[in-house]
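Open the model in your viewer and keep the selection panel at hand. The tour goes from one selection to the next.

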Amino acid sequence: MSIFVDAETRVVYQGLTGSQGRYYGLLNRDYGTRVVAGTNPRKAGTDVDGIPVFATVAEAVAETGATASCVFIPAAGVHGAVIEAAEGGVEFIVAITEGVPAHDEAHFYNRLRRDYPHVRLLGPNCPGIISPGQCNIGITAGHIALPGGPVGIVSRSGTLTYQALYELREKGIGCTTCVGIGGDPVPGTSFIDCLEAFEADPDTKAVMMIGEIGGSAEEEAAEFIATRMTKPISAYVAGVTAPPGKKMGHAGAIVSGGKGTAAAKMDALRAAGVRVGLNPTEAGELMADIVAGL
Amino acid sequence: MDLFEYQGKQFFAQYGMPVSAGEVALTVDEAVDAAERLGTPVMVKAQVHTGGRGKAGGIKFAATLDDVRTHASDILGLDIRGHVVGRVWIEKASDIADEYYASFTLDRSAKKHLGMLSAEGGVEIETVAVENPDAIAKVWVDPVDGLDEATARDWVMAANLPEAAVEGTVDVLLKLYMAYVDGDADLVEVNPLILTPEGRIHVLDAKVTLDANSVFRHEDYEAYDETQARDERETAAHARGLQYVGLDGSVGVIANGAGLAMSTVDVVNQVGGSPANFLDIGGGANAEVMAGALEVINNDPAVRSIFINIFGGITRGEEVANGIVGALERVAIDAPIVIRLDGTNADEGRTILEPHLSDALQMAPTMLDAARRAVELAEGREV
């Protein structure tokens with residue numbers, strides 16, 4: 001089992017005809033993802049290496065039965081692309097693009113909540129999602145993830161996600177699903193959404209969580225963990241030594257007004273029973289320890 | 001992007017908000033000339049990207065042109081919380097009957113816009129929040145709905161503003177929300193928002209932070225980019241399109257990915273060292289990007305060693321290794337380098353680096369090992 005995506009997920013790539021969309025779309029297909037369509041209103045009727053291109057997501061859904069979309073559209077077009085995907089009838093939208101204005105994110109997040117409550121958005125500014133051996137949507141290098149579980153991963157950071165997958169694979173530990181929720185201020189999918197899904201997934205026996213400075217998503221996750229999670233969790237929070245008022249690469253990674261510090265996040269997670277590592281390697285070792293005791 | 005007060009006021013004025021007439025001045029003479037045109041009395045206000053200007057002596061009332069000369073020469077060059085004042089804003093002085101606070105920002109938890117209004121203006125809102133939280137009236141605005149007049153009026157009533165201030169404040173709040181949304185701001189703050197003895201509502205200060213991601217639809221924001229507070233290193237990195245934050249230590253840090261870069265800075269600290277910077281070169285790690293990153297680090301005189309931490313994902317280890325080798329051919333590096341290379345085809349990458357290894361270019365198997373080695377090299381001691 002897995003969460004959000006599996007071997008049956010059929011994906012339309014918005015922006016498949018662009019260089020990034022084509023590169024990752026074909027890589028995802030090589031991995032085994034059912035890449036069924038692309039969209040580009042100016043190139044409808046053509047194909048990308050055999051993948052049919054439609055004018056809109058709605059047409060792609062009607063013709064190919066796509067259930068998910070992956071957005072590789074430049075930042076200025078992401079707002080429109082996300083709404084088009086929801087209107088077009090997919091249930092799951094993965095927005096990879098970085099640099100989307102926060103006001104756009106806040107707007108389409110609330111629009112989806114209101115008008116398309118059954119649609120899940122992941123991202124923007126995220127590496128995507130992989131259920132190893134079944135489906136890989138986004139920019140994760142598929143071969144670094146070992147299929148089969150028992151660990152589920154949820155992370156705000158791209159490279160640290162790869163690092164986590166890699167460390168688990170080196171230890172012979174597989175992963176049910178690895179979700180990169182992204183480092184932006186208004187992520188479509190939160191830690192809590194993923195934790196809730198992992199708690200319900202019978203094949204996921206433990207969860208690894210990677211957070212970073214900024215906002216209060218980790219604190220909110222800690223509260224959820226304390227009251228609702230039965231599965232063991234290891235975690236790492238990046239940015240212990242980040243100076244206040246400076247964005248550390250990600251739009252959402254900023255300590256402001258004394259809020260959003262890594263120390264506070266780690267304390268909250270520890271208080272909720274999470275085993276917190278001081279670096280990614282330590283968090284991986286803690287997870288290996290947890291898995292050994294399952 | 002943080003705006004200076006005067007830029008914030010010009011920004012607010014575009015949305016019809018009531019601000020004072022004023023001029024920016026870079027020298028004492030310019031300040032006096034500006035005051036002459038505006039007519040005394042005026043305020044002389046330091047323009048810096050930090051708070052606490054008043055307490056630091058950066059805001060002065062000038063009744064005469066002589067006062068303007070005295071205050072401008074005191075304030076220009078003043079160091080306020082590490083920011084040296086390079087420009088002052090000269091504006092017509094206002095009479096104040098009452099002071100309020102108003103702001104909009106994104107509430108990341110609620111995923112809605114948060115408006116805050118308080119009858120206790122002129123002091124830091126953080127202080128009010130701690131000492132008298134009930135004095136702050138909050139409103140959460142769904143971005144899809146926006147802020148309507150009825151909601152704004154209820155909000156002003158909830159903040160217990162005096163009757164005379166209600167209509168003017170409702171009007172300013174609606175315009176402030178428009179500026180916040182239409183201008184793609186992360187934060188708009190007016191503190192104080194004043195009631196004049198004549199009963200007008202007036203914007204006496206402006207704190208505006210704009211979302212750099214929105215520049216594609218605001219061409220005029222490039223002008224703001226030029227006035228950002230950046231040290232020399234940050235300016236050089238920014239020009240190369242690199243994500244760089246200057247720190248105070250001696251270990252230069254280069255990593256691919258923001259999370260990994262943050263983590264690298266953490267690990268250097270953890271083993272007892274001090275990082276000189278945060279630098280994320282993104283996913284690609286080709287020779288050109290790597291060379292640019294090394295140039296920026298190389299120009300930092302505080303750097304004693306460099307820690308390159310790369311995890312290959314889609315970008316394979318041999319591409320990363322070739323990128324590093326290519327960059328080293330282009331840039332003569334002063335400080336010794338420690339590389340940790342892991343992930344996709346890491347072994348192939350390490351094989352490429354092998355013949356280039358020396359005292360000046362070392363390799364370590366893990367992040368922690370590499371951090372220790374880099375700190376040892378930087379501080380000339382075992383860690």
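Select domain 1 (10-122) and domain 2 (141-292) of chain A, two ranges given by an automatic or database domain assignment. Nine residues of domain 1 of chain A are in contact with nine residues of domain 2 of chain A, where contact means that the C-beta atoms of two residues, placed from the backbone, lie within 7 Å. On the domain 1 side, the elements that give two or more residues are α4 (102-115) and β7 (120-122) of chain A. Of these, α4(A) gives the most, with four residues. By class, this side of domain 1 has seven nonpolar, no polar and two charged residues. Here Ala, Val, Leu, Ile, Met, Phe, Trp, Tyr, Cys and Pro count as nonpolar, Asp, Glu, Lys and Arg as charged, and the others, Gly among them, as polar. The centres of the two domains, taken over C-alpha atoms, are 26 Å apart.

A note on the model and its labels. This is a predicted model, in which local features need pLDDT of at least 70 and side-chain atom pairs count only at pLDDT 80 or more, while totals for chains, interfaces and linings use all residues. Residues are numbered from 1 along each chain as its sequence is written, and chains are lettered from A and ligands numbered from 1 in the order in which they are written.

Now select the whole of chain A. Chain A has nine helices and 14 strands; helices (H or I, at least four residues) and strands (E, at least two) are DSSP runs, numbered from the N terminus. Of its 294 residues, 62% count as buried, that is, with 20 or more other C-beta atoms within 10 Å of their own C-beta, placed from the backbone.

Which element of chain B gives the most to the side that touches chain A? In total, 44 residues of chain B are in contact with 48 residues of chain A. α9(B) gives the most to the chain B side, with 11 residues. By class, that side has 18 nonpolar, 15 polar and 11 charged residues.

Finally, select strand β2 (residues 42-46) of chain B. Both faces of β2(B) are covered: B:Val42, B:Val44 and B:Ala46 are buried on one side, B:Met43 and B:Lys45 on the other. β2(B) pairs with strand β3 (residues 59-62) of chain B in the antiparallel sense over four bridges; strands pair if DSSP finds at least two bridges between them. B:Val42 has B:Ala62 as its bridge partner in β3(B). Five bridges join β2(B) to strand β6 (residues 88-92) of chain B, also antiparallel, and there B:Met43 stands opposite B:Glu91.

Notes:
Buried ≥ 20, exposed ≤ 12 C-beta atoms within 10 Å, placed from the backbone.
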